Amino acid sequence: RRISGRAGEAGVRTPRTALALTPPPPREGALLVEQPPLRLHFRRGPECAEEGGMSLSLIRPTVEQACAQLAELNSPEKVALAFMTVIFLLEQALLDPARYGSLKADSKTLRARVLDISGGAAFFESAGFNPGGDSYTLDADAGEAELRRRVDVIKGGASCAERVLAAIVTVGDSNAGDAAVTAVKLARTYCSNILAHQADEAKRRIGASNKALGARLLATKGGGELLLAVGFELTGELYVCTASFPELQICVGMLDRAESVWAEMAIAAGVVPGAAGSSGAAESDPNHLAEAIPVSSITIAKLPLATALDQRRGAADMEPALVADSTRSAVQLFLWMAVSKRWRLFAWMQTPSTVVEWVRPTVEGAPYELVLEVDLGDGKALELGCTVLPLGEPENEYLTANRFIGQHYESLSSNHLEEIARNVRARVAPVLETLKNLVKAMEAQN
């Protein structure tokens, strides 16, 4: 089964087991997902009797999980800058707590490099800085040894991301588009299979004579380096993966951004961007993720009319598009639905104003700010509703996923919770970041 994201939509394909029937061909927007960085804690007790004896609470992600989430939700450039910034601040705070042990939350550099990117605040807190009022303070209770361990974890995550990015650049720069895309997809499949079957050590081993490995990955220029970058080492007649689960999540996050990296390389070289080379595969790659529209790209007075969307397709599932209405009195937010292959209006903002107005379509009789489109393999679009809270943050993705599973219990089970939640988070984050950037642009230009 697959769950394909569509603007407000979550893209997911469940991992195959050894006994699974051959699935139908992948659709645009389908995405294989693995273990998410957030956890839920369930407890039983008499005080929970009215809720069936269970309560649910969130646990702050570990630094390993937060690093993985950061790589999953942001461009490689943002990830690298965030890693570098937090490593510096944490090391300085350990050396000179009086000067660096308390940092202003409104610091422009800190906000731009860490706090304002997707997953940045959670990452900063997991590193060892606790929020309080208008500042972040070093978590002295954690102890110096633990804080230094977190520094090492972040350095390891940064090194992992850097290796994978370098390999992606080499593969994209040295091969035709289709060959580069195929190599990256296979490397991603190896990583995702390990994450999907964490108790199965066999998933960490690949025969050196494996035909798919040889033809799709090792035969490409830079393919061997890519395999090494994601943690596989040649041991005898086997390639064995020694990467930790959080490192593999970082690898998957970086591999999902491969086509964005290649597009930027193409722009820098003066070539019309597509995938690596000139195949234009970004439109059909099932793992391609949307990016938020940056503030620098939003000029209110020059936005195209909504009718311009009739002339183009989206390049990624849940890709946001900002356009003007027919009277240019409002900015509209459309999202690309990869399952039904259409643009859909979800919100608008009057000009000049900074208030987001939602369309709020209904799913199962209830209104939601965003709607995710789910394809279980039969070509039919099932809708998954996602609530956006008053301050512009999404509801917890596990609650969103659990509600959807309950609505479709005949086809889904709790085994799908992790995958659906991770994809909801990955799809919704660029949409809400785009809206925040629209508010900033509206304030600056009016």
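Author: Accessible areas are computed by the Shrake-Rupley method with a 1.4 Å probe. The model is a predicted one. With that in place, the surface of the chain comes to about 20200 Å², and 53% of this accessible area belongs to carbon and sulfur atoms.

Reader: What percentage of the 446 residues in the chain is buried?

Author: A residue counts as buried when its relative accessible area is under 20%. In this chain, buried residues account for 50% of the 446 residues.

Reader: How many helices and strands are there in the chain?

Author: The chain has 13 helices and 18 strands. As for contacts along the sequence, take those between residues at least 6 apart: 63% of them join residues at least 24 apart.

Reader: Which order do the strands of the open sheet with β5, β6 and β7 take?

Author: The general idea is that strands of a sheet pair through backbone hydrogen bonds, in either a parallel or an antiparallel way. Here, three strands make up an open sheet with the order β5-β7-β6, and their pairing is antiparallel. The edges are β5, covering 102-104, and β6, covering 129-132, each of which pairs on one side only. From one strand to the next, the twist averages 25 degrees.

Reader: How many bridges join β6 to β7?

Author: Four bridges link β6 with the antiparallel strand β7, residues 135-138. To find the pairing in the model, look at Asn130, which stands opposite Thr137 in β7.

Reader: Why is strand β11 called largely enclosed?

Author: Check each residue of the strand for burial. Strand β11 spans residues 320-324, and five of its five residues are buried, so the rest of the structure largely encloses β11. Both faces can be read off: Pro320, Leu322 and Ala324 point one way, Ala321 and Val323 point the other way, and all are buried.

Reader: Which strand is joined to β11 by five bridges?

Author: That strand is β12, residues 330-337, which runs antiparallel to β11. Ala324 has Val331 of β12 opposite. The two strands, β11 and β12, form a hairpin with five residues between them, and in the turn Arg328 has a positive phi of about 55 degrees.

Reader: Now a single residue in a helix. Is Thr85 buried or exposed?

Author: Thr85, found in helix α2 (residues 76-95), is buried, because its relative accessible area is 8%. The side chain of Thr85 reaches the backbone oxygen of Leu81 at 2.7 Å. Setting aside neighbours within four places in sequence, Thr85 is in contact with Arg113 and Val114.

Reader: And a residue in a strand: where is Leu384 placed?

Author: Leu384 lies in strand β18, residues 381-386. With a relative accessibility of 0%, Leu384 counts as buried. The C-alpha atoms of Leu384 and Thr400 are 7.9 Å apart, although the two residues are 16 apart along the chain.

Reader: Turning to the cysteines, how many disulfides does the structure hold?

Author: The structure holds zero disulfides. The test is whether two cysteine sulfur atoms come within 2.5 Å.

Notes:
Residues numbered from 1 in each chain as written. Predicted model: local features only at pLDDT ≥ 70, side-chain atom pairs only at ≥ 80, totals over all residues. Heavy atoms only, no water. Pairing = 2+ DSSP bridges. Axes fitted to C-alpha atoms, helices over the stretch in contact; angles between N-to-C directions. Buried < 20%, exposed > 50% of the residue type's maximum accessible area, 1.4 Å probe, protein only. Contact = heavy atoms within 4.5 Å. Polar contact = N/O pair within 3.5 Å; in protein donor to acceptor, adjacent residues only side chain to side chain.
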